[in-house]
Amino acid sequence: MADARLDLSTRQFCWPQLSSEDQKDLLQRPTQRVSTELTATVNAILAAVRTEGDAAVLRYTRQFDCESLTELRYPAAAIARQLAKLPVATKAAIDTAYGTIRKFHEAQRPQGIKIETAPGIECELRYAPMAAVGLYVPGGTAVLPSTALMLGVPAQLAECPRVVLVSPPDADGELAPALLYAAQCCGITEIYRCGGAQAIAALAYGTESIGKVNKIFGPGNSFVTAAKQAVSQDPSGAAIDMPAGPSELLVIADDQAKPAYVAADLLSQAEHGADSQVVLLSDSAALIAAVREQLETQLQQLSRATTARQALANSALIEVADLDQAVAISQSYAPEHLSVQTAAAEELAERLTHVGSLFIGPYTPESGGDYATGTNHVLPTYGFASTASSLGLLDFYRRYTSQKATRAGLAGLASAIVELAQTEGLDAHARAVTVRLEESS
Ligand SMILES: NC(=O)c1ccc[n+]([C@@H]2O[C@H](COP(=O)([O-])OP(=O)(O)OC[C@H]3O[C@@H](n4cnc5c(N)ncnc54)[C@H](O)[C@@H]3O)[C@@H](O)[C@H]2O)c1
Ligand SMILES: N[C@H](CO)Cc1c[nH]c[nH+]1
Ligand SMILES: [Zn+2]
């Protein structure tokens, strides 16, 4: 039976006793282990959508999501019908989350720069919203209206002229009322029913019914993430926000932490999918034992216990020599989410920079950031948190520069420009300056 109990003691390790090979193996992401097979599947889907357009998107959507779907665009009448079903309490919760997310992202508005770098030379840094953005809201194992907010709010604040939302439909071809309400709050009306690599291909290359976008945002399972990475490397594809794949949480806890809180946090990310990964690092063997007990107790109360158990099979409870070692492991693993539940949590957090989002102290559950603290829950996974940034308002803009010189300004820089052009053997570059200064003003 898939729900067979997992012996968590087999997932308990003492870091200093492991070989460096075992240490590396222990913290490998589950999806990294099947990458060749995954790449082949995703490449086949991308190729089919490029050559067949809507027909391929519909075929895959029927295969994976809704057998009877005939139209990708979600019509306005169906949206209105679904919105009418939304419970008042859900609407209020979305309104609250919309408010905090908007507040945090509004504060990120980029400021242009205009300065004189030399007399008569004016340089500017300007920001323009991305012209057409595609927002991928996952829907395979759970409907995520919160993700629609995380993507839709910054797209709205940046005033991107075209915002397209795609999400896999349910077996009846519908999208959830809560997701549609979140989209409505963000002013999104162009909505399509498709998911997986086929949705990413449609956004990147365009089909008869889905116009191509410039940049694709949003998390997804390993098929979605692999497809995003592939289209971003294709000059005729689209840019992407980041690789935001299966959820990850690393908790650093000492003997001051509450085992029930730590276990609840680990389970909150384990329940996302069988390929989620959660890791506990602690210098206290007693805390680890108590968390293990709590995991078993709390698992029995979860509706998605089977999924969470599968994720726990990829996960680890690790005893470390001290918190310095925990910091070093965490920096190397670069988790999507990092929860610090230690006595001096804020001090420790200062040293933890390779992370998508930090959750500091006992009253900051990771799920708070998933929904309503205001930070964005679209975050880099697979260790990309050491180089990629967490999603923010800036990602919805292009940054570019501008310069303007007066005749006197050009004259002031002429000798430097001409000398550098000659050093590089590029005479025409030099000439473009001298031709202007030879003319009488
Ligand atoms: N990193 C982040 O910021 C973040 C945020 C939210 C959610 N997530 C993650 O997003 C993921 C969502 O995954 P999901 O599966 O629920 O939804 P999803 O929408 O990402 O994927 C569903 C789609 O996957 C495709 N698919 C499924 N099986 C397939 C197969 N065998 N071959 C080809 N395609 C297949 C189908 O097209 C289906 O529509 C979870 O892992 C969750 O942890 C990450
Ligand atoms: N934890 C997910 C990001 O990895 C985001 C999410 C949405 N809903 C609940 N959680
Ligand atoms: Zn979550």
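# A walk through the two ligand shells

Okay, let's start with the active site: an unreviewed UniProt entry puts that feature at E336 and H337. UniProt positions are given in the numbering used here, feature names are shortened, and annotations may be inferred rather than shown by experiment.

Quick housekeeping. This is a predicted model, where local features need pLDDT of at least 70 and side-chain atom pairs count only at pLDDT 80 or more, while totals for chains, interfaces and linings use all residues. Residues are numbered from 1 along each chain as its sequence is written, and chains are lettered from A and ligands numbered from 1 in the order in which they are written.

Back to those two residues. E336 sits in the loop between α13 (323–333) and β12, and H337 is in strand β12. Helices (H or I, at least four residues) and strands (E, at least two) are DSSP runs, numbered from the N terminus. Are they buried or exposed? E336 counts as buried because it has 29 C-beta neighbours inside 10 Å, and H337 counts as buried with 26. For the cut-offs: buried is 20 or more other C-beta atoms within 10 Å of a residue's own, exposed is 12 or fewer, partly exposed is in between, and C-beta atoms are placed from the backbone.

Now contacts, meaning C-beta atoms, placed from the backbone, within 7 Å. Leaving aside neighbours within four places in sequence, E336 is in contact with residues including S247, E248 and G356. With that same exclusion, the contacts of H337 include E248, Q269 and G356.

E336 also turns up around ligand 2, along with L144, S146, T147, S247, Q269, D370 and H377. Being near a ligand here means a C-beta atom, placed from the backbone, within 6 Å of it. That shell has one nonpolar, five polar and two charged residues. Ala, Val, Leu, Ile, Met, Phe, Trp, Tyr, Cys and Pro count as nonpolar, Asp, Glu, Lys and Arg as charged, and the others, Gly among them, as polar.

Where does ligand 2 lie? Between domain 1 (8–29 + 246–374) and domain 2 (35–243 + 393–397), because both give residues to its shell. There is a domain 3 as well, at 406–438, and the bounds come from an automatic or database domain assignment.

On to ligand 1. It has 32 residues around it, and G140, G195, G196, P219 and G220 come nearest. Three helices, α3 (54–64), α8 (196–205) and α9 (222–232), each supply at least two residues of the shell. By class we get 14 nonpolar, 16 polar and two charged. Domain 1 and domain 2 each give at least three residues.

Last stop: the unreviewed UniProt entry also lists Y136, Q198 and N221 under "binding site". They spread over 86 residues of sequence, yet they cluster in space, with a largest C-alpha distance of 12.8 Å. Y136 is in strand β4 (residues 132–136) and is buried, with 31 other C-beta atoms within 10 Å. N221 is in the loop between β7 (215–217) and α9, and it counts as buried too, with 21 C-beta neighbours inside 10 Å. Not counting residues up to four places away in sequence, N221 touches P138, G140, P246 and G273.

Technical notes. Two residues are in contact if their C-beta atoms, placed from the backbone, lie within 7 Å.
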